[in-house]
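Work through the two exercises below with the sequence and the model at hand, and try each task before reading its solution.

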Amino acid sequence: MLEIEQTQTLASQQESLKRFATEIIGDEFHSSLVELFRFYSSSNVITTAEGCDASADLFCRDCCDLNSAREMVTSSIGICGSDFRCSIGLLAHVETVSSLCQGMPENPTDWIGELTNQLAGRFKNNLSEYQVHCQMGLPVSVRGLQLGFMTGFQGQTIQMVDLKEGPVVVLLHVNIEPDVQWEYHPELESADEGSLHLF
């Protein structure tokens, strides 16, 4: 009788550690985003969720001095797990990215790629506590004028990160079945976050 009760208790505890993967992804991505920009920015990190039709016009709303000649940089990277895939993208003005680089690289296109790579790495690291093992691609970066993200697909969200250095637009596109659940394993410790710059 005692063994049955212990088994039921253990099953109940395991069930309480399970959550829908979509919720976990949202929480862990936001946590990774805040961690990243706290490290590189000298200001508080304030994020705002945006609607489905967000693009470079977000800068028009938040940057009164925006003009068509200001260059932007953007970068995206893919992550693939056993039961999900996602894409991560960052978009910012060249001046913003140059301010965030803290005097290290002089090429903002390389640096936006490195920021995207570090964001994906932190996100992947956080998911490891749910025994979710992912593979990361290489970031693809572009520099140009009037760049932007357009959304309208299910599982795709945009956030505006308001920093002292300037606004950064962040895209997360997730492809996963809505009923997938992951189990938290508190005994799994993720590696310490570092500030390695891998070019």
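The model is predicted, so local features need pLDDT of at least 70 and side-chain atom pairs count only at pLDDT 80 or more, while totals for chains, interfaces and linings use all residues. Residues are numbered from 1 along each chain as its sequence is written, and side-chain values use heavy atoms, with hydrogens and water left out.

**Exercise 1.** Describe how helix H2 (residues 21-40) and helix H5 (residues 108-127) cross.

Solution. The axes, which are lines fitted to C-alpha atoms over the stretch in contact, come within 9 Å and cross at roughly 135°. Angles under 35 degrees count as roughly parallel, over 145 as roughly antiparallel, 65 to 115 as roughly perpendicular and the rest as oblique, which means that H2 is oblique to H5. With contact taken as heavy atoms within 4.5 Å, the H2 residues that meet H5 include Ile24, Phe29 and Tyr40, and their H5 partners include Trp111, Arg122 and Leu127. The contact residues divide into twelve nonpolar, four polar and three charged.

**Exercise 2.** Decide how many disulfides there are, and explain the state of cysteine 134.

Solution. A disulfide is a pair of cysteine sulfur atoms within 2.5 Å, and by this rule the count comes to zero. The sulfur of cysteine 134 is 7.2 Å from the closest cysteine sulfur, that of cysteine 86, and is therefore too far for a bond. Buried means under 20% relative accessible area (1.4 Å probe, protein chains only), so cysteine 86 counts as buried at 4%, and cysteine 134 counts as buried at 3%.

Definitions and conventions. Axes fitted to C-alpha atoms, helices over the stretch in contact; angles between N-to-C directions. Helix = DSSP H or I, 4+ residues; strand = E, 2+ residues; numbered from the N terminus. Nonpolar A, V, L, I, M, F, W, Y, C, P; charged D, E, K, R; others polar. Buried < 20%, exposed > 50% of the residue type's maximum accessible area, 1.4 Å probe, protein only.
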